[in-house]
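Hi there,

Here is the structure I promised to pass on to you.

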Amino acid sequence: MFEISRDLYRELKPLVIADAKHPGRSERVLLAACEQTVARIARDLRRYPRPARHLFTNVRFLFPVQEQLNCYRIIERHLSAALEVLEAEAGPDTGRIGALRCASINRKGRPCGREPLRGSRFCPSHKHLEAIVPRPHHGLSVA
Ligand SMILES: [Zn+2]
């Protein structure tokens with residue numbers, strides 16, 4: 001994950017408007033924003049809508065207007081890659097990253113807790129829910 005924010009930063013850095021009074025400040029702001037965003041994606045994978053848009057909003061003032069679209073595309077490309085990696089690692093949506101648990105609720109109102117079927121978010125008893133319950137929004141769309 002750390003590498004993703006570094007790669008993103010490295011690609012964006014040459015586009016930054018240098019702060020003449022405080023050399024290096026714009027770059028530090030950018031690096032911190034990239035790291036925070038990637039850390040939050042890692043933590044809140046399925047509860048962080050539109051991370052690329054959010055990061056872009058926070059850092060766009062660091063870039064000249066004519067570079068902003070380019071900047072957004074770079075952010076979107078890197079964060080999409082990050083999301084794909086994390087989605088794959090997280091497996092079926094479980095509400096908790098990394099834990100392989102059926103996403104259903106049992107009769108007592110507790111998470112089902114059984115192991116889900118491969119490629120599904122639900123265990124064999126609850127697999128019929130896969131077709132009914134929509135997958136959560138992952139923030140990959142561009143508004
Ligand atoms: Zn279940």
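Let's begin on the outside of a helix: Phe-2, Glu-3 and Arg-10 are exposed residues on the face of α1 turned away from its buried side. Here "buried" means that 20 or more other C-beta atoms lie within 10 Å of a residue's own, "exposed" means 12 or fewer, and "partly exposed" is in between, with the C-beta atoms placed from the backbone. Helices (H or I, at least four residues) and strands (E, at least two) are DSSP runs, numbered from the N terminus.

Two notes on where this comes from. This is a predicted model, in which local features need pLDDT of at least 70 and side-chain atom pairs count only at pLDDT 80 or more, while totals for chains, interfaces and linings use all residues. Residues are numbered from 1 along each chain as its sequence is written.

**The overall picture**

The protein has four helices and zero strands, and its elements run α-α-α-α from the N terminus on. Of the 143 residues, 26% are buried. Two residues are in contact if their C-beta atoms, placed from the backbone, lie within 7 Å. Among contacts between residues at least 6 apart in sequence, 49% join residues at least 24 apart.

**Helix α1**

Which residues of α1 are buried? They are Ile-4, Ser-5, Leu-8 and Leu-12. These residues cover an arc of only 95 degrees around the axis, so they sit on the same side of α1. The buried residues of α1 pack against α2 and α4.

Now for how α1 (residues 2–12) meets α4: the two pack at an angle of about 165 degrees, with their axes 10 Å apart. Axes are lines fitted to C-alpha atoms, for helices over the stretch in contact, and angles run from 0 to 180 degrees between N-to-C directions. α1 and α4 are therefore roughly antiparallel to each other. For these words, angles under 35 degrees count as roughly parallel, over 145 as roughly antiparallel, 65 to 115 as roughly perpendicular and the rest as oblique. On the α1 side the contact is made by Ile-4, Asp-7, Leu-8, Glu-11 and Leu-12, and on the α4 side by Cys-71, Ile-74, Ile-75, His-78 and Ala-82. By class, that contact has seven nonpolar, one polar and two charged residues. Ala, Val, Leu, Ile, Met, Phe, Trp, Tyr, Cys and Pro count as nonpolar, Asp, Glu, Lys and Arg as charged, and the others, Gly among them, as polar.

**Helices α2 and α4**

α2 (residues 25–44) and α4 (residues 68–90) pack at an angle of about 25 degrees, with their axes 10 Å apart. The two are therefore roughly parallel to each other. Val-38, Ile-41 and Ala-42 in α2 meet Leu-79, Ala-82, Leu-83 and Leu-86 in α4. This contact of α2 with α4 has seven nonpolar, no polar and no charged residues.

**Helix α3**

In α3, the buried residues are Pro-51, Ala-52, Leu-55, Phe-56 and Val-59. Seen down the axis of α3, they fall within an arc of 130 degrees, so they line one face of the helix. They pack against α2 and α4.

The axes of α3 and α4 come within 9 Å and cross at roughly 140 degrees. That makes α3 oblique to α4. Pro-51, Ala-52, Leu-55 and Phe-56 of α3 make the contact with Cys-71, Tyr-72, Ile-75, Glu-76 and Leu-79 of α4. By class, the residues of this contact divide into eight nonpolar, no polar and one charged.

Leaving aside neighbours within four places in sequence, Phe-63 is in contact with Leu-15, Val-16, Ile-17, Gln-68 and Cys-71. The C-alpha atoms of Phe-63 and Lys-13 are separated by 9.4 Å, with the two residues 50 apart along the chain.

Arg-50 lies in the loop between α2 and α3 (51–59). The phi of Arg-50 is near 50 degrees, a positive value in a residue other than glycine. Most residues other than glycine have a negative phi. Arg-50 is partly exposed, with 18 other C-beta atoms within 10 Å.

Happy exploring!

Conventions: Arc of directions from axis to C-beta.
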